[in-house]
Amino acid sequence: MDQKRWAAIAAHSLCGVRQKVNNISSSDSEELVIEVQSTGQKISVTRSESIIDALARSGIDIPTSCQSGLCGTCKTRYINGDIEHGDCILSDDEHQEYLTPCISHIRSGTLVLDL
Ligand code: FES
């Protein structure tokens, strides 16, 4: 089985369940913002939009591969934020400093990225 197919199956069987649970606790009315630390740029993001898509919409491209929280290609350091981590690869300790923007979401407020 090729890597892409394996990643898709794993994403649905492992990470998908976790994301559904996390989404239940989300509030749809609160404004969510991504802040780029180096420039101070602020990007509004909707609950349904991925962090990586919001960044791309603003001209900030982060390399991706699986886009399912399985490979770590998009692993990005953050300074501050309330995050729903959707990946299956980072440890709890790593989640204190890093997120995978392809699959993670802002739970509330502003996420400050070390970009
Ligand atoms: S692209 Fe693979 S974890 Fe984000």
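The dialogue below sets features of a predicted model against their definitions.

Biologist: What applies to numbering and confidence here?
Modeller: Residues are numbered from 1 along each chain as its sequence is written. The model is predicted: local features need pLDDT of at least 70, side-chain atom pairs count only at pLDDT 80 or more, and totals for chains, interfaces and linings use all residues.

Biologist: Why are β1 and β5 called paired?
Modeller: Two strands pair if DSSP finds at least two bridges between them. Strand β1 (residues 32–36) and strand β5 (residues 105–113) run parallel and are joined by 4 bridges, so they meet the definition. V36 has L113 in β5 as its bridge partner.

Biologist: What makes β3 a partner of β5?
Modeller: Strand β3 (residues 76–84) pairs with β5 over 5 bridges in the antiparallel sense, and at least two are required. E84 stands opposite H105 in β5.

Biologist: What makes I51 a contact of I34?
Modeller: Contact requires C-beta atoms, placed from the backbone, within 7 Å. I51 touches I34, V45, P101, S104 and H105, leaving out residues up to four places away in sequence.

Biologist: What share of contacts between residues at least 6 apart in sequence joins residues at least 24 apart?
Modeller: In this chain, 56% of those contacts do.

Definitions and conventions
Helix = DSSP H or I, 4+ residues; strand = E, 2+ residues; numbered from the N terminus. Contact = placed C-beta atoms within 7 Å.
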